Amino acid sequence: MAREPDADARGGSDRREATLAPIAAIATPPGRGGIGIVRVSGGDLRALIEGIVGRRLAPRVATRVTFRDARGDAIDEGLALYFAAPHSYTGEDVVEWHGHGGVAVMRLLLERCVELGARLAEPGEFTKRAFLSGKLDLAQAESVADVIEAATATAVRAAARSLTGEFSREADALRDALVELRMYTEATLDFPDEDVELLREGDVAARLGAIRERLEAMLARARRGALLRAGLSVVLVGAPNVGKSSLLNRLVREDAAIVTPIAGTTRDTVERDIEIAGIPLTIVDTAGLHDTGDEVERHGIARTLAAIERADLALIMVDARDDDPPARADCDALVAALPPSLPRIIVHNKCDLAFAAVHVARHPAVLDAGLAGHHAESTHVWLCALSGEGVDLLEGEILRIVGVEHAVEDAFFARERHLHALRTARAHLEHAALSIAPATLELFAEELRLAHDALASITGEFTPDDLLGEIFSRFCIGK
Ligand SMILES: Nc1nc2c(ncn2[C@@H]2O[C@H](COP(=O)(O)OP(=O)(O)OP(=O)(O)O)[C@@H](O)[C@H]2O)c(=O)[nH]1
Ligand SMILES: [Mg+2]
């Protein structure tokens with residue numbers, strides 16, 4: 001029985017066949033600047049160009065022109081850049097009018113384009129057209145918005161890696177390996193007598209294993225990228241007076257929270273955003289947890305619990321002088337109340353008073369019995385929030401725990417959509433691995449097909465129209 005080749009599902013209704021009406025937008029940010037750009041894209045812009053500058057333009061040559069309104073009066077002087085289809089960003093005719101960057105002059109120029117048949121572009125519409133004409137795949141198109149919105153230098157580099165297609169190439173390579181494996185399998189299904197032989201020859205299990213490993217590595221890079229995008233919430237918890245606010249101030253390098261020798265100083269949560277090695281972190285200082293009759297403090301503690309719910313990582317602070325287990329009853333109760341899956345670091349503060357050296361201990365020590373509870377591996381850091389000594393060790397441990405010790409550099413700036421696709425593919429490959437046997441070959445083939453579909457959705461081969469609308473509507477106008 002002949003099976004549908006994979007290519008059949010490609011290039012479906014998503015891809016554009018007919019020419020679309022010209023669109024126009026101011027591409028530079030609103031406000032005043034030396035230069036402002038109006039960009040127009042459409043099937044054939046020759047009439048529009050002649051209407052504005054009264055002449056034809058050679059492609060890819062910056063030409064000095066006067067922009068004119070319907071009566072022939074000058075609107076502005078500037079440069080025109082014309083890109084003839086298909087050699088342009090969108091794959092259509094594109095013209096850029098580089099005028100002076102004033103709000104009114106830009107608006108006049110835009111209105112003139114509309115008079116000549118263009119309509120105002122929707123958010124992301126230029127990039128959407130670039131995708132529809134095959135100039136960019138979906139992951140690349142998404143990264144256009146990511147480069148623009150990236151908040152840190154590391155994030156820009158990660159987004160640029162997707163823009164240049166590194167992420168898509170990796171997804172494609174994985175997909176190709178899957179296609180090859182599917183071909184083997186489908187052939188086996190077509191010639192059932194040779195089942196066992198082919199399975200052995202094709203070394204199906206080994207191939208599948210290699211694909212799964214590669215997918216795992218890609219997922220790890222994408223997860224690191226997702227961290228760059230979304231950041232992490234780190235909550236500081238502990239008994240009153242152990243030095244939580246002092247540590248917050250050290251980490252954010254300013255006096256964000258009030259520090260006093262009085263227990264119960266912090267009554268509300270205090271949040272600050274910082275960046276460690278390019279990862280955006282929100283540090284949340286909280287009211288010390290203990291039994292209290294004070295109403296204000298009770299409210300504060302309720303907020304502490306809410307902050308714990310939202311956190312990706314907890315820093316549990318104890319006084320290093322209390323390293324003796326019996327003194328930590330308060331803290332043990334706190335640790336027991338944390339969600340078991342919440343990663344944590346136990347910070348032993350006030351090393352100076354405990355005559356302890358700042359250091360890190362990663363493996364469960366005697367201390368862990370109560371503190372770490374049922375959590376598999378716990379990390380302890382000894383430091384001095386007052387002097388700042390050892391805070392760098394803590395920063396290193398935070399990065400290690402979130403999985404970005406040294407490797408943010410290779411991250412892909414992934415979106416939830418990409419992570420979801422990779423995880424879906426992983427689940428199907430896991431099922432496939434469980435069904436490598438002649439009797440379950442049909443099932444095996446089906447799981448491979450589903451994994452293949454999931455991977456293909458990353459670059460947009462099978463992406464439905466409503467999802468496209470959703471993705472591009474988040475762009476700003478003019479992109
Ligand atoms: N010697 C020493 N004192 C410290 C250290 N860290 C904090 N302190 C002092 O401990 C006291 C309490 O510090 P805070 O940072 O306010 O403690 P907290 O945990 O925020 O306290 P609450 O807000 O009341 O829960 C202050 O007097 C700090 O100066 C340290 O490493 N060494
Ligand atoms: Mg405090």
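This is a predicted model: local features need pLDDT of at least 70, side-chain atom pairs count only at pLDDT 80 or more; totals for chains, interfaces and linings use all residues.
**Entry 1: the ligand**

Which residue has a backbone N or O atom that lies 3.2 Å from an oxygen atom of ligand 1? I looked it up, and it is Leu 386. The protein covers 91% of the 650 Å² of accessible area that ligand 1 has on its own.

I then went looking for other backbone atoms by the ligand. A polar backbone atom of Val 242 sits 3.3 Å from an oxygen atom of ligand 1. For Gly 288, I found a backbone N or O atom at 3.4 Å from a ligand oxygen.

**Entry 2: the shell around it**

How many residues surround ligand 1? I got 23, and the closest are Lys 244, Ser 246, Gly 264, Thr 265 and Thr 266. Sorting the shell by type gave me ten nonpolar, ten polar and three charged residues.

Next I checked which elements supply them. Two elements give two or more residues to the shell: α9 (244-252) and α12 (351-354). The largest share comes from α9, with three residues.

I went through the backbone angles and stopped at Asn 241, which has a positive phi of about 75° although it is not a glycine. Asn 241 is in the loop between β7 (232-238) and α9.

I found Lys 350 in the loop between β11 (344-349) and α12. Its relative accessible area is 19%, so it counts as buried, the cut-off being under 20%.

Where is Pro 86? I traced Pro 86 to the loop between β4 (74-83) and β5 (93-101).

**Entry 3: a pair of histidines**

Last stop was His 380, in strand β13 (residues 379-382). I checked its relative accessible area and got 1%, so I'm writing His 380 down as buried. What does its side chain make a polar contact with? I found the side chain of His 348, at 2.8 Å.

Technical notes: Residues are numbered from 1 along each chain as its sequence is written. Chains are lettered from A and ligands numbered from 1 in the order in which they are written. Side-chain values use heavy atoms; hydrogens and water are left out. A residue is near a molecule or strand if one of its heavy atoms lies within 4 Å of it. A polar contact is a pair of N or O atoms within 3.5 Å; within protein, one must be able to donate a hydrogen and the other to accept it, and residues adjacent in sequence count only if both atoms are side-chain atoms. Accessible areas come from the Shrake-Rupley method with a 1.4 Å probe; for residues, only the protein chains shown count as cover. Helices (H or I, at least four residues) and strands (E, at least two) are DSSP runs, numbered from the N terminus. Ala, Val, Leu, Ile, Met, Phe, Trp, Tyr, Cys and Pro count as nonpolar, Asp, Glu, Lys and Arg as charged, and the others, Gly among them, as polar. Buried means under 20% relative accessible area, exposed over 50%, partly exposed in between (1.4 Å probe, protein chains only).
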